[in-house]
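Subject: Structure for you to look through

Dear colleague,

I am handing over the structure we spoke about, and below it you will find my notes on what turned up. Please read them with the model open beside you.

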Amino acid sequence: MSNKDVIGVFDSGIGGTSIWKEIVTRLPGENTIYLADSINAPYGAKSKEDIIALSVKNTEKLINLGAKIIVVACNTATTNAIDYLREHYNIPFIGIEPAIKPAAVQSQSKAIGILATKGTLNSALFQTTSERWTQGVDVIEVIGEGLVPLIEQGDLENLELYNLLESYIQPMVEKNIDYLVLGCSHYPYLIPLLKKMLPPHVAIIDSGLAVARQTEAVLKGLNNLSGDVSSEHYLYTNGDVKVLKKVLLRFRESVKPTTTITISHKDF
């Protein structure tokens with residue numbers, strides 16, 4: 001495997017670009033390929049078998065495109081499929097799961113909120129992690145039903161989105177949470193709205209930076225980091241390419257001039 005191969009990233013739509021952006025920022029010399037499986041979003045309402053099948057599809061596509069490591073930038077796919085992927089493919093996988101531990105350990109009010117998909121909250125991995133770290137902590141779990149499809153439309157100022165999100169957050173505020181854990185890679189795009197709804201003392205935690213650090217650590221351990229001064233990034237969606245371009249517009253303006261970003265439609 002060559003260190004000129006790419007970092008592969010996939011999610012059930014555009015949400016995982018919140019993870020992808022952290023990886024690109026931390027590892028500016030690495031090439032990446034991102035698969036936005038928008039046509040099958042959201043994964044959170046699907047069966048474990050369907051989630052595994054979709055994760056296999058995305059994995060094999062990324063391997064065929066030259067991935068040297070694959071980041072499963074989806075909480076639901078991580079909690080339901082990553083063990084299967086690691087057993088069946090000879091390539092490193094980085095997963096993402098809700099950051100329950102830091103929220104539970106640091107909470108002063110002993111109440112934390114977790115906003116996630118049904119597939120994540122019902123998974124065995126989530127339950128095991130939660131039971132391990134939340135003893136003595138009031139955990140308010142809320143399924144963010146309907147949020148992913150609205151985010152996938154690309155209009156993050158939509159009143160319907162705001163009202164739906166507020167209906168999920170208000171019960172957590174009433175329980176005096178001081179940490180809100182985002183358990184879906186789509187949800188970091190809601191942070192501007194969340195800051196309007198939450199009291200100032202409530203900290204919002206997502207896993208993007210931690211995933212980027214772990215990706216760097218694994219590649220470094222394999223002596224497979226790229227030292228290039230330029231990088232190329234290909235982002236493919238099987239949905240509406242306009243939405244993906246809209247979401248990434250601001251990020252494109254902040255990266256190095258030597259960075260090439262190509263966004264296009266691809267069937268997969």
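In which helix does Ser55 lie? Ser55 belongs to helix H2, which covers residues 48-64; helices (H or I, at least four residues) and strands (E, at least two) are DSSP runs, numbered from the N terminus. Before going further, please keep in mind that this is a predicted model, in which local features need pLDDT of at least 70 and side-chain atom pairs count only at pLDDT 80 or more, while totals for chains, interfaces and linings use all residues. Residues are numbered from 1 along each chain as its sequence is written, and side-chain values use heavy atoms, with hydrogens and water left out.

Ser55 has a relative accessible area of 0% and is therefore buried (buried means under 20% relative accessible area, exposed over 50%, and partly exposed in between, with a 1.4 Å probe and protein chains only). If its neighbours within four places in sequence are left aside, Ser55 is in contact with Phe10, Ala77, Ala81 and Leu85, where contact means heavy atoms within 4.5 Å.

In helix H1 (residues 17-26), seven of the ten residues are buried, among them Trp20, Ile23 and Val24. In strand S7 (residues 179-183), five of the five residues are buried, and both faces are covered, with Tyr179, Val181 and Gly183 on one side and Leu180 and Leu182 on the other.

Strand S7 also has partners to follow, and here two strands pair if DSSP finds at least two bridges between them. Strand S5 (residues 111-116) runs parallel to S7 and is joined to it by five bridges, with Ile112 standing opposite Tyr179. Strand S8 (residues 203-205) pairs with S7 in the parallel sense as well, over three bridges, and there the bridge partner of Tyr179 is Ala203. Together with helix H9 (residues 191-197), S7 and S8 make a right-handed β-α-β unit; a crossover is right-handed if, with the strands pointing away from the viewer, the path from the first strand over the helix to the second runs clockwise.

Where does UniProt place the feature "active site"? The unreviewed entry gives Cys74 and Cys184, and although they are spread over 111 residues of sequence, they cluster in space, with a largest C-alpha distance of 6.6 Å. UniProt positions are given in the numbering used here, feature names are shortened, and annotations may be inferred rather than shown by experiment.

Cys74 lies in the loop between strand S3 (67-72) and helix H3 (75-88), and with a relative accessible area of 4% it is buried. Not counting residues up to four places away in sequence, Cys74 touches Phe10, Asp11, Ser12, Tyr43, Ile96 and Ser185. Cys184 sits in the loop between S7 and H9, and this residue is likewise counted as buried because its relative accessible area is 8%. Its contacts, leaving aside neighbours within four places in sequence, are Asn75, Leu115, Thr117 and Val148.

Finally, a search of the whole structure finds one aromatic pair: Tyr234 and Tyr236 are stacked, at 6.4 Å centre to centre and 20 degrees between the planes. Rings of Phe, Tyr and Trp (its six-membered ring) pair if their centres lie within 6.5 Å, and planes under 30 degrees apart count as stacked, over 60 as edge-to-face and the rest as tilted. Tyr234 counts as partly exposed because its relative accessibility is 30%, whereas Tyr236, at 13%, counts as buried.

With best wishes
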